[in-house]
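Please look over the sequence and the model below. The paragraphs that follow take a few residues in turn.

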Amino acid sequence: MSNPQNTFYSSLQQNLDQLREQGLYKPERVLASRQGSEVMSEDGRMLINMCANNYLGLSGEEWVAQASIDATEKYGYGLSSVRFICGTQTVHKQLEHAISKFLGTEDTILYAAAFDANGGVFEPLFDENDAIISDALNHASIIDGIRLCKAARFRYAHNDMADLEKQLQAAADKRHKVIVTDGVFSMDGTIAQLDKIVELADKYGALVMIDECHASGFMGKTGRGTHEHHNVVGKIDIITGTLGKALGGAMGGFTSGRKEVIEMLRQKSRPYLFSNTLAPSIAGASLAVLQQLSQSTELRDRLHENTAYFRKEIEALGFTIKPGTHPVVPVMLFEAPVAQKFAARMYELGVLLSGFFYPVVPMGQARVRVQLSAAHTREQLDTVLKAFEQAGRELGLLKN
Ligand SMILES: *Cc1c(COP(=O)(O)O)cnc(C)c1O
């Protein structure tokens, strides 16, 4: 019998089947161990992990886990409240202060995720009199956040400064203008040209906002982020970021900037007002991580050494990579079935990495994306390079 409820479920099933047929279905890999440079898969095999955002290797690290346990002991499991009712503890204020200090900003507001930080940043600050000028490849959470705001929307071609200038001119009659970009774009490891963006912002009287999810903790000489990398610390108006990648890897996000901005977000930002406080275990562990990163650049330095080594050696093997310096290293295989086969073969050889193909990346730009970590040993990287060579030979992919 086809009643409306049944047709709802059967049409969902059809759409799911279609995703599978189109090769767009995303299966989940189940790990049986902590996150780390080596992980155990469900079937008990050990794999070298080349696809986590665990840039500083902190996710499975003992002292970080212990800091979260200590915070749980002291502050309990959770708050059962949003921040403004009875959900703010000293550890949350300490973490906000530490993030501001680390980034060189005045104040910081915590969220349950960077997705929420981006989702809740535009609507309280900008309205129909204003303009948001956004890089075409910005993260989904930025796109969604912009959708929730009444400001006029302008989009510039990815990383294209001439087009950004054109859009700034098109937005000239708007009251406030804000340029928004990922600090680092995670598909290519492309670093936004913040020096040029800041220059254009000054020329046209615009604000600048950056999303530092793939930068906070390791970009720039002391790991402060893309603004440090491009020598524009203090010139960025709004910085959003995650605690769920380099800065520990659990979850949680933040927005940082001038005190007026943060104060207004505390009053009006919906994911902050209507969603629970970040768990104290996460706040405590994130605080310990920031203290550690403020004292030493050792992890950041090791990450960049690993990145430089891997980039050099993978090219020497005859693979094509997107040039750059970021620990995201796209190894280009161009055709989707090749990328799929390659990732599957690497898995058999004991290396975990993920293939990306259309529509996640443009047609004909299929790739496997390698992500380096400070936790990788030279020996692990050499094992991975050997596996690349073997799989590359088998599939006839090496230029050399
Ligand atoms: C991962 C990511 C996010 C989302 O971060 P969460 O804290 O996991 O919600 C937002 N923006 C960018 C650029 C990201 O890479």
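Two residues are in contact when they have heavy atoms within 4.5 Å. The model discussed here is predicted.

The UniProt record, an unreviewed entry, places the feature "binding site" at Ser 186, Thr 242, Leu 243, Gly 244, Lys 245, Ser 275 and Asn 276. These positions span 91 residues in sequence and their farthest two C-alpha atoms lie 28.1 Å apart, so they do not all gather at one spot. Among them, Ser 275 and Asn 276 belong to the lining of the largest cavity.

Thr 242 is part of strand β10, which covers residues 238–242. Its relative accessible area is 10%, so Thr 242 counts as buried, the limit being under 20%. With neighbours within four places in sequence left aside, Thr 242 contacts Ala 114, Cys 213, Leu 247, Gly 252, Gly 253 and Phe 254. The side chain of Thr 242 also reaches the backbone nitrogen of Gly 244, at 2.8 Å.

Ser 275 sits in the loop between α11 (270–273) and α12 (280–295). With a relative accessible area of 27%, Ser 275 is partly exposed. Beyond four places in sequence, Ser 275 is in contact with Val 82 and Arg 270.

Another residue to look at is Asn 49, in strand β2 (residues 46–49). Asn 49 is buried because its relative accessibility is 5%. Its side chain makes a polar contact of 2.6 Å with the side chain of Gln 35 and reaches the backbone oxygen of Gly 36 at 3.5 Å. Not counting residues up to four places away in sequence, Asn 49 touches several residues, including Ser 37, Glu 38, Val 39, Leu 352 and His 376.

Key:
Residues numbered from 1 in each chain as written. Predicted model: local features only at pLDDT ≥ 70, side-chain atom pairs only at ≥ 80, totals over all residues. Heavy atoms only, no water. Helix = DSSP H or I, 4+ residues; strand = E, 2+ residues; numbered from the N terminus. Buried < 20%, exposed > 50% of the residue type's maximum accessible area, 1.4 Å probe, protein only. Polar contact = N/O pair within 3.5 Å; in protein donor to acceptor, adjacent residues only side chain to side chain. UniProt positions renumbered as here; feature names shortened; annotations may be inferred. 1 Å grid on protein atoms, 1.4 Å probe; cavity = no way out; pocket = protein on both sides within 12 Å on 5 of 7 lines; lining within 4 Å.
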